[in-house]
Amino acid sequence: MVTFATVKKAVDILAEALDRVSPELLLVLTGAGISAASGIPTFRGNDPDAIWAKDVTELGTYRYFRQDPVGSWQWYLQRFDAVLGAQPNPAHKALVAIEEWQLARGGEFRLITQNIDTLHEDSGSTNLIKVHGTADRVRCAKHGCPNGSPRGSLERSSVDLATFRDAPSLPKLPRCPICGDLLRQHVLWFDEYYNQHIDYQFELAQESIQQMGLGLFVGTSFSVGITEMALQSGSLWRIPMFAIDPSAAFRLPGLELLEARAEELLPEVCRRLGISLEMDS
Ligand code: APR
C-alpha cells in the first residue's frame, strides 16, 4: 500500500544510499514500470492494459514471426505506435538529473533498460544500454545480411510501412533493400539470445553488473535474464540494491523494496539531494 509515510521513508533511504555510492558505479536498471506513467502498458503489472494477458511469450518470438509474419507485424505496429508516441515522465527526467549529478561528482553511472521505448534517450540519458533492443529501428530477418544481425539495422522511419498498413498481406510486408528478405523488429524475442546483436550491448551490461557499487531497479518484476543476473551478482558481492515498485509482489534476498511510484519517488529524491530538476525551474 503506497502511503505518504512509505514514500517519505523511501526518499530517506534512497537519498542516503545514493549520497554514499560515489565514486563507484551507480547502476540503474529499468523495466516497463518506469514508462507506465507515460501511458505505455506494462507486461505483468496491475495496470488494466498489462500485456501479459495476451500471452506475449507466444507473439514475441522469432518462431511466430516466421510462422505468421503478417500477424507479427500487425501486433507490433499496434503496440509500437503507442510506444513511439509516448512522452518521458518525471521518472525519466529525474534519472537524467541523477546521472549528471553522479558524473559531476566524479562517480560513474550506467543505465540498463529492458524497455524498447525511446523515453530514456528522449529525456537525455547518455550512458544507456538498451539490452532488449529498440522500437525505433527494424532489421533484416536474415542473419549475416548487412542490415541484419549481428550488427545491422535500419531506422524504422526509413522503411515504407504505409503500404503494409493499408493492406496487411504477405506481398506488402516490408523487405530488406539489400537482400530482399523480410524486415523484422529490432528487439530481443523470447526465443533469442542477448548476444545475437551488438546493439544489445550485452557484454557492457554484464561488465556494468559486475562493477556496480549500488544497484537501483526501477519498475521491473525481475522476470527475465538480465535482472536475474544483476540480483545474483549483487547478492553475491553484498552490493546495496534497491527496487522502486508500488505494487511489488516480490521479496528478494539482498534487495530493499521501496514501495512507491517511480515518477513520484525519483523527483523527491533529487530534491532531497539538492539535485536541480528541469521540472522545478
Ligand atoms: N513505478 C514503478 N514501478 C511500477 C510502476 C510505477 N509507476 N507501475 C508499475 N510498476 C511495476 C509493476 O508493479 C511491475 O512489478 O513495474 C513492474 C513491471 O514489470 P513487468 O511488466 O514484468 O515489466 P519488466 O520487468 O520490464 O519485464 C521484463 O519481460 O516481457 C518481457 O521483454 C519484456 O522487457 C520485458 C521483460
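**A helix and its surroundings**

Modeller: Helix H4 (residues 69-85) lies across strands S4 and S6, running at about 45° to S6. Helices (H or I, at least four residues) and strands (E, at least two) are DSSP runs, numbered from the N terminus. Angles, from 0 to 180 degrees, are taken between N-to-C directions of axes fitted to C-alpha atoms, for helices over the stretch in contact, and contact means heavy atoms within 4.5 Å.

The model is predicted: local features need pLDDT of at least 70, side-chain atom pairs count only at pLDDT 80 or more, and totals for chains, interfaces and linings use all residues. Residues are numbered from 1 along each chain as its sequence is written, and side-chain values use heavy atoms, leaving out hydrogens and water.

S4 and S6 belong to an open, antiparallel sheet of three strands in the order S5-S4-S6. Its edge strands, each pairing on one side only, are S5 (154-155) and S6 (183-187). Strands pair if DSSP finds at least two bridges between them. Strand S4 (residues 133-140) is joined to S5 by two bridges in the antiparallel sense, and there arginine 137 stands opposite glutamate 155.

Another open sheet has six strands in parallel pairing, ordered S3-S2-S1-S7-S8-S9. S3 (128-130) and S9 (255-258) are its edges, each with pairing on one side only. On average, neighbouring strands in this sheet are turned by 20° against each other, direction ignored. Helix H5 (residues 90-104) packs on this sheet, touching S1 (25-30) and S2 (108-113), with its direction at about 150° to that of S2. Helix H8 (residues 202-211) also packs on the sheet, touching S1, S2, S3 and S7, and its direction makes about 125° with that of S2. Within the sheet, four bridges join S7 (residues 212-218) to S8 (residues 241-244), which run parallel; glycine 215 stands opposite methionine 241.

There is also a ligand. Of the 23 residues around it, those that come nearest are Phe43, Arg44, Thr220, Ser221 and Asp245; a residue counts as near if one of its heavy atoms lies within 4 Å. The side chain of aspartate 245 has an N or O atom 2.6 Å from a ligand oxygen, and a polar side-chain atom of serine 247 lies 3.1 Å from a ligand oxygen. The protein buries 93% of the 740 Å² that the ligand exposes when taken alone, by the Shrake-Rupley method with a 1.4 Å probe.

Terms used: Polar contact = N/O pair within 3.5 Å; in protein donor to acceptor, adjacent residues only side chain to side chain.
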